[in-house]
Amino acid sequence: MSDMIMTLQFYMTYPFVRYALIVGTLIALCSSLLGVTLVLKRFSFIGDGLSHVAFGAMAVATIFKLTNDTLFIMPVTIFAAVILLRTGQHTKIKGDAAIAMLSVGSLAIGYLVLNIFSTSANISGDVCSTLFGSTSILTLTKGEVYLCVVMTIVVLILFILFYNRIFAVTFDENFAKATGIKANVYNLFIAVITAMIIVLAMNLVGSLLISALIIFPALSAMRVITNFKGVVIYSAIISVCSALAGMMISILCSTPVGATIVAVHIVIFALNCVIGKVIGR
Amino acid sequence: MAYITCKNLELGYEGMTVADNISFEIKKGDYLCVVGENGAGKSTLIKTVLQLIPPLSGSLITGDGLQPYEIGYLPQQTVIQRDFPATVWEIVLSGTLAKCGKRPFYGKKEKQLADEMIAKMGITYLKKSCYRNLSGGQQQRVLLARALCATSKLILLDEPVTGLDPKAAASFYQVIRELNEEGITIIMVSHDIQSVISDASHILHIDKTKSFYGTKESYLASKAWKSFQVMIEDDTNV
């Protein structure tokens, strides 16, 4: 045990490890807040679709050797989020089909583009690290850490200010609209923030595993808690703890960061299911 | 002046007409029951009255001090709501949101109003309960309390007794009747015309081309009612 603490203390002396822990925790916090709404609105798959779009955008950014690829990936993903929300009920291609199309499409194009234009010798290694997370969480610059902190504060403030309206729109969109709440604006707002979080979270867990960060905390919390505020708070706690635990374990056992965090989430979900059954929810 | 006056309304989505030639008006204290076959345009009419979608043609005028957003709406249950983790208190309170204006949080006044409406619906003992664990009848009372938080003038109910057992349905109708007697205007969309007809003051029978609007008495003497009767008898024979 003391060995483990020693090892952790040793790693903590490196600034890049500290940065990784800070950024990882903040991303986990943001994604869990939105996760509750996304899961309840049956939008979980939007997160999944958007993460694939982000992968495609990243591939394109790599070819053009953009110095700061976030500046390219972010607008593309946000644009995709807006498009996905626009596909309402009265369009020719239904929402879920549109998302499936967009996500597989961009995944394929991303891989294709990487294969054709890549100058790197290890293509499959590159692809694998973008999809499942890589060491990029350990190569964060100070600037990226600041960006993440600012983003988190913005998301937190917006979420608290609009909490009551987000609740109303999530629970009953039509009633909210009938009482004069601009539900479409809030849907758009939710989609845009989701897109932003996904792009940030790509560094942490890779684009295939992002949805886990969004969905798992909310689902775990919903097993046990029966009021909305409680679910939001509990899922934020679960998410932050799992992310921290996952990152620690991955440092100690040198396992891949993203997959470890998701594994922790799965364990916590199972635990919450059992607790839920025991207390009869 | 009536709360809502509709003249030659044409309903539909994106150029597709669902129902045409609908004219009616709702005054303070009326109890309007909207009937019609499936697909006749009842849900479209609701969305139009709530101003969620614009009418294709014709006019819809609100008056007598009714603001467009002062209609309390009791929608049909959605899949989302069935397993939603929220307490009765959170849901009813969300009905007062329109009264908050630009303020981000609920004030004392809103909370008091929500408390009153919960008491009025007789569900104070459920205040802290989770919505998804309630019975169908209790859930409808919660949604009604929320609608009453949004308005004290006009309530629009969309198939409110669907899925309720007869006893719960009867007590729900009783609640609606009492609200109407207090002076709250009711618009109810229902399949269950037999139970509603005794309470309603006016009937709107929607049909693709020829809709009927009038008092209950004139409706009972009309052709639309007779055709409806035949339909109901057919249903019961099957």
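1. A residue is called buried here if 20 or more other C-beta atoms lie within 10 Å of its own. The model is a predicted one, and Phe167(A) has 23 other C-beta atoms within 10 Å, so Phe167(A) is buried.

2. Phe167(A) belongs to helix H8 of chain A, which covers residues 163-171. Setting aside residues up to four places away in sequence, Phe167(A) touches Phe228(A) in chain A, and it also touches Glu90(B) and Ser94(B) in chain B. The C-alpha atom of Phe167(A) is separated by 9.2 Å from that of Lys229(A), although the two residues are 62 residues apart along the chain.

3. Ser32(A), found in helix H2 (residues 15-40) of chain A, is likewise counted as buried, because 29 C-beta neighbours lie inside 10 Å. Its contacts, leaving out neighbours within four places in sequence, are Pro217(A), Ala218(A), Ser235(A), Ala236(A) and Ser239(A). From Ser32(A) to Ser220(A) the C-alpha distance is 11 Å, while the separation in sequence is 188 residues.

4. Chain B contains ten helices and nine strands. Its radius of gyration is 18 Å, close to the 18 Å that the globule rule gives for 238 residues, and chain B is therefore as compact as a globular protein of that length. The C-alpha trace of chain B spans about 50 × 40 × 35 Å along its principal axes.

5. Of the 238 residues in chain B, 40% are buried. Where contacts in chain B join residues at least 6 apart in sequence, 69% of them are between residues at least 24 apart.

Technical notes:
Residues numbered from 1 in each chain as written. Chains lettered and ligands numbered in written order. Predicted model: local features only at pLDDT ≥ 70, side-chain atom pairs only at ≥ 80, totals over all residues. Helix = DSSP H or I, 4+ residues; strand = E, 2+ residues; numbered from the N terminus. Buried ≥ 20, exposed ≤ 12 C-beta atoms within 10 Å, placed from the backbone. Contact = placed C-beta atoms within 7 Å. Rg over C-alpha atoms; globule rule 2.2 N^0.38 Å.
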